[in-house]
Amino acid sequence: MPGFELFGEQEKKEVQDVLDSGVLMRYGFDGVRNGHWKARELEVLLAKRMQTKYAQVVSSGTAALTVALASAGVGAGDEVIMPTFTFVASFESILAIGAVPILVDIDDTLTLDPLAVKNAITDRTKVVMPVHMCGSMANLRVLRAICDEHSLLLLEDACQAIGGSFEGKPLGSYGDLGCFSFDYVKTITCGEGGAVITNNKEYYTNADNYSDHGHDHIGSDRGAESHPFLGYNFRISELNAAVGCAQVQKLDSFLEIQKNHYQIIRTGLEKVNGVTFRSVPEGGVENYSFLSFFLPSEELTRKVHAALGENGVDGCFYWFDNNWHYYRKWEHLSNLTSLGNLPKEVKDRLPDYAKTNFSSSDHWMGRTISVLIKLNWTKEEARQRADKIAKTIADCFN
Ligand SMILES: *Cc1c(COP(=O)(O)O)cnc(C)c1O
């Protein structure tokens, strides 16, 4: 997955442009920036690649989620439906605006189970937030229908699946709003960065203003701009955006490499009895950043994961035990352990996640292993890796 593996001359050139002018900020200083507007350029490139009218680049993927929610008017006490398998950023962004994260089960897509979403809808629900984990997507067609029926927003977290698509549309562009992360370990990176994409002009304008203290960005005197509403600072710096300008232009070549390497690993594992693969909704094309598969029992999966480590196969994840990606280790969320007091709406309305039954999620996660697909492997290395993983699994069955 990581774009940092293929970092080079193009990135250096883009960053050098910024260093040469010395204008590290994305707004203002028109006269001295030598025509370089890297954040703006990245937005144009992204909107084009993602086939949306608008893109707003911000300081991180977590910031993108927060800005996306805020831009659509989500606030204190509103409920946002999210999956049990994701990254902590999902509930962090929801809590940041005083909204309430409503966790629901995943299914064999390793993303939101549409039936669980349906059952979780209340009169306070505002948003359904599918998270396209590990390179593949939620069933967006079904989720779109549910959202339309209940007048809810569909906000796609495509941070781990940039470049994948559903029914011909780039992931992130199918919903009302979509978010990407360009942190250091994502498919393309800015070092730190993120983006919101949308076709909705009002959400875009709100996102643009909100992420810069509420500046309306009208006129050419920053200090004289007015502030139509309260905002915050989620700006990206020109240095980070410059890296993104180079990386986004490499996205399709990264995807092609990932697809080839994924196919090699998958072909190797298809020969192993007892291995089944994560389901990809009809109409979906993965970004191939991971290959995720199921084994018949939790016990066997633990055994295989340990054996892969002992055999020196790096980049194999057993998310079921992971501190950051699965609800079982989120006791800071279930206990609401925070530095300061939290909004009353959150304290009153957060379900008791220490007691919630997520056995359907556990049924899948307990048996899932994800293999990170790297860009730097040679074909031969990928083949050897496939053989090693297949042999390790077969040995564990015996
Ligand atoms: C990385 C990630 C984020 C947050 O991105 P940052 O840029 O690290 O803040 C959000 N959601 C998912 C699914 C992610 O993997």
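Q: How do helix H3 and helix H7 pack, and at what angle?
A: In this predicted model, helix H3 (residues 61-71) packs against helix H7 (residues 201-210) at about 125°, and their axes are 8 Å apart.

Q: OK, over to the ligand. How many residues surround it, and which are the closest?
A: The ligand is surrounded by 14 residues. Gly61, Thr62, Ser181, Asp183 and Lys186 are the closest.

Q: How does that shell divide into nonpolar, polar and charged?
A: Five residues of the shell are nonpolar, six are polar and three are charged.

Q: Which ligand atom does aspartate 183 reach with a polar side-chain atom?
A: An oxygen atom of the ligand, at 2.6 Å.

Q: And lysine 186, what does its side chain lie by?
A: A polar side-chain atom of lysine 186 is 3.1 Å from an oxygen atom of the ligand.

Q: How much of the ligand's accessible area does the protein cover?
A: On its own the ligand has 380 Å² of accessible area, and the protein covers 93% of that.

Q: Back to helices. Where does H9 sit relative to H14?
A: The axes of helix H9 (residues 251-270) and helix H14 (residues 379-397) come within 8 Å and cross at roughly 30°. H9 is therefore roughly parallel to H14, and their crossing is right-handed.

Q: What angle do H2 and H8 pack at?
A: About 30°, with the axes of helix H2 (residues 38-49) and helix H8 (residues 238-248) 8 Å apart. That makes H2 roughly parallel to H8.

Q: Which hand does the crossing of H2 and H8 have, left or right?
A: The crossing of H2 and H8 is left-handed, whereas H9 and H14 cross in a right-handed way.

Definitions and conventions: Residues numbered from 1 in each chain as written. Predicted model: local features only at pLDDT ≥ 70, side-chain atom pairs only at ≥ 80, totals over all residues. Heavy atoms only, no water. Near = heavy atom within 4 Å. Polar contact = N/O pair within 3.5 Å; in protein donor to acceptor, adjacent residues only side chain to side chain. Areas by Shrake-Rupley, 256 points an atom, 1.4 Å probe, with all protein chains shown as cover. Nonpolar A, V, L, I, M, F, W, Y, C, P; charged D, E, K, R; others polar. Axes fitted to C-alpha atoms, helices over the stretch in contact; angles between N-to-C directions. Helix = DSSP H or I, 4+ residues; strand = E, 2+ residues; numbered from the N terminus. Parallel < 35°, antiparallel > 145°, perpendicular 65-115°, else oblique. Left-handed = near helix turned anticlockwise from the far one by under 90°.
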